[in-house]
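User: I would like to study this protein through a set of questions and answers. Please show the sequence and the structure.

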Amino acid sequence: MSNKKSKPKGQKVQLTLEDFCAQELPTIADIVSFTNNFPISVYAESTIVKSPEVVFRGLMISHNRYLSEEYLLNYRHHELDMGMMIGVNNYRLPMVMMSLANRTFAEEPDKLITLPPYKNISAPVGPVIRSRRSMRRYSGNKMSLADLATILFYAQGVTGKLPLSNMPGSISLGQQPEVELRTAPSGGGLYPIGLYFIALNVDTLQQGSYLYVPSHHALKSIKTLGKDFQPNEMGQFGNEIDIAKANLLMVFVYRLLENSRKYGDSGLAYALIEAGEIAENIHLACTALRLGPCDIGGYAKHRLEQVLGLDGLSQHVVHLMVIGS
């Protein structure tokens, strides 16, 4: 066991040249080598398992580049490109604005599960932000429906309405059209991220998949899951998370056609930003409620989409969270 005492970061320590070469130089040399060398491999295209490192090594000569690089190079055109301008301007037309104001007509309130009112979270925002942590150990206790309602509301609940001016009057659609405003911002107010969840241990809810309907602060039941359902197959949770003891899996779904008609390929970037903002709302609400959220990067996209009844073409899972107590 080494008796060398660590020094606080930033504090100067005097070393002899011999000690520096023995203790510090190998690590520094490794770091300098990593950050200043660009490894290239002529075998990148023929490698069977293309790990990120393999793709990286082939960037200069291979056609197998990162898809994310291709996306970033092409998703936003030049500022003088008329395509984006036309798409944005079309969404200022009265017929489009009236359509957005009446999107709630697609829901059938009598078939929804009404949620209780959300709790008024009065915790100071500063301490909540500072104490936010990702939690991976859960008790297995059931989550109350009131806590679930509170999390969903603060994630993307309706907090107000914006009246639309200079719109044509309509007896069928109402004389004063309004568009909903939610807790999380969204590019153009289109809200392409749908918030689904898989209930594992939630009071009064059967184990199954559900969709949050912000307009009615209610749930739509998607699919009931039997006792043979294996939640551990929904992602790579590792040994740290006993998923059977969690309360729910929160699933973020990007509905491509909700905003791509206006923004084209840029819509994906805006949707991912929105997903991150919703996720942070959930983290802070859970922290205030003394619940434990955790983001999961290694989720099983296709399996989740099957459980949620999604087509995987115009509707894509883009993020997963575990929430427990």
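User: On what basis may the residues be discussed?

Analyst: This is a predicted model, in which local features need pLDDT of at least 70 and side-chain atom pairs count only at pLDDT 80 or more, while totals for chains, interfaces and linings use all residues. Residues are numbered from 1 along each chain as its sequence is written, and side-chain values use heavy atoms, with hydrogens and water left out.

User: How many bridges join strand β7 to β9?

Analyst: Strand β7 covers residues 248–255 and runs antiparallel to β9. The number of bridges that join β7 to β9 is eight.

User: Which residue in β9 does aspartate 295 stand opposite?

Analyst: Strand β8 is joined to β9 by five bridges, and the two run antiparallel. Four of the five residues of β8 are buried (under 20% relative accessible area, with exposed meaning over 50% and partly exposed in between, for a 1.4 Å probe and protein chains only). In β9, the residue opposite aspartate 295 is methionine 321.

User: Is histidine 319 buried or exposed?

Analyst: Histidine 319 is placed in strand β9 (residues 315–324). Its relative accessibility is 17%. Because this value lies under the limit of 20%, histidine 319 counts as buried.

User: With which side chain does the side chain of histidine 319 make a polar contact?

Analyst: A polar contact is a pair of N or O atoms within 3.5 Å; within protein, one must be able to donate a hydrogen and the other to accept it, and residues adjacent in sequence count only if both atoms are side-chain atoms. Histidine 319 touches (heavy atoms within 4.5 Å) several residues beyond four places away in sequence, including Phe252, Ala279 and Tyr299. Its side chain makes a polar contact, at 2.6 Å, with the side chain of aspartate 295.

User: Which backbone oxygen does the side chain of serine 260 reach?

Analyst: Serine 260 is found in helix α8 (residues 257–263). At 2.8 Å, its side chain reaches the backbone oxygen of leucine 256.

User: How many residues apart in sequence are the parts that tyrosine 118 and phenylalanine 153 tie together?

Analyst: Rings of Phe, Tyr and Trp (its six-membered ring) pair if their centres lie within 6.5 Å, and planes under 30 degrees apart count as stacked, over 60 as edge-to-face and the rest as tilted. Tyrosine 118 and phenylalanine 153 form a stacked pair, with 3.7 Å centre to centre and 0 degrees between the planes. Because tyrosine 118 lies in the loop between β1 and α6 (125–131) and phenylalanine 153 in helix α7, the pair ties together parts whose separation in sequence is 35 residues.

User: What is the angle between the planes of tyrosine 263 and tyrosine 270?

Analyst: Tyrosine 263 counts as buried at 13% relative accessibility, whereas tyrosine 270 is partly exposed at 21%. Their rings form an edge-to-face pair at 4.9 Å centre to centre, and the angle between the planes is 90 degrees.

Notes
Pairing = 2+ DSSP bridges.
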